[in-house]
Amino acid sequence: MLIALPSPVRAELASLGDQALSDVSGQGGIYLSGDVSINEMGGPVENSHFGRCDDATRKCGARFAWRLKETGGWMVLDDIRGNFSFEGLTLRVRHVDSGFGGDGELFNRDVLELGLPNTVRFNDVRFKIAASNTARPTDPGFLQTDIFSVEMRGEVVMEGNLLVFPTGNP
């Protein structure tokens, strides 16, 4: 009759020593979710070129400019604004020592792996892709040619990983 009765189970938490902890392995990395708004109303700079987004005579939004060659022109993402959200972006360090047509064996180093989130939601995201002769629109002689404009609303499914390969010696 005593066998049929449940007995209470007792367990005690105990700290692990350094040797025991060194035998434990886990997964490293970061899992990110976010909701990002970029210049929904315009940036903090207001001058003859920049202003509020409701002023049609002025530009608003963030700007990224990069030069492809030291003496070349500038590629630009301009007037970036809107809101996007995501869940499940992962960041981790991964060692590459095989694959890539044999190049991985030669590389044999760590890379940053961005695990793309399954779904990214866009709400009134806008930007322009352009070419410019200067990095900043306030530089003397500024000329910019807008190549095309992008407006996004809705959801985009993203799958896979993006690997960032370091160059140079730290």
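**Exercise 1.** Is Phe84 buried, partly exposed or exposed, and what is its relative accessible area?

*Solution.* The model is a predicted one, and the classification rests on the relative accessible area computed from it. Buried means under 20% and exposed means over 50%, with partly exposed in between. Phe84 has a relative accessible area of 25%, so it is partly exposed.

**Exercise 2.** Classify the ring pair of Phe84 and Phe122, and state where in the chain the two residues lie.

*Solution.* Begin with the geometry: the ring centres of Phe84 and Phe122 are 6.3 Å apart and the planes stand at 35°, so this pair is tilted. Turning to the chain, Phe84 belongs to strand S3 (residues 74-96) and Phe122 to strand S5 (residues 119-132), so that the pair links distant parts of the chain, 38 residues apart. As for burial, Phe122 has a relative accessibility of 19% and therefore counts as buried.

**Exercise 3.** How many aromatic pairs are there, and which residues form one aromatic cluster?

*Solution.* The count comes to three aromatic pairs. One of them joins Phe84 and Phe86, whose ring centres are 6.4 Å apart with planes at 25°, so the pair is stacked. Phe86, at 16% relative accessibility, counts as buried. Phe84, Phe86 and Phe122 together form one aromatic cluster.

Notes:
Residues numbered from 1 in each chain as written. Predicted model: local features only at pLDDT ≥ 70, side-chain atom pairs only at ≥ 80, totals over all residues. Heavy atoms only, no water. Phe/Tyr/Trp six-rings, centres within 6.5 Å; stacked < 30°, edge-to-face > 60°. Buried < 20%, exposed > 50% of the residue type's maximum accessible area, 1.4 Å probe, protein only. Helix = DSSP H or I, 4+ residues; strand = E, 2+ residues; numbered from the N terminus.
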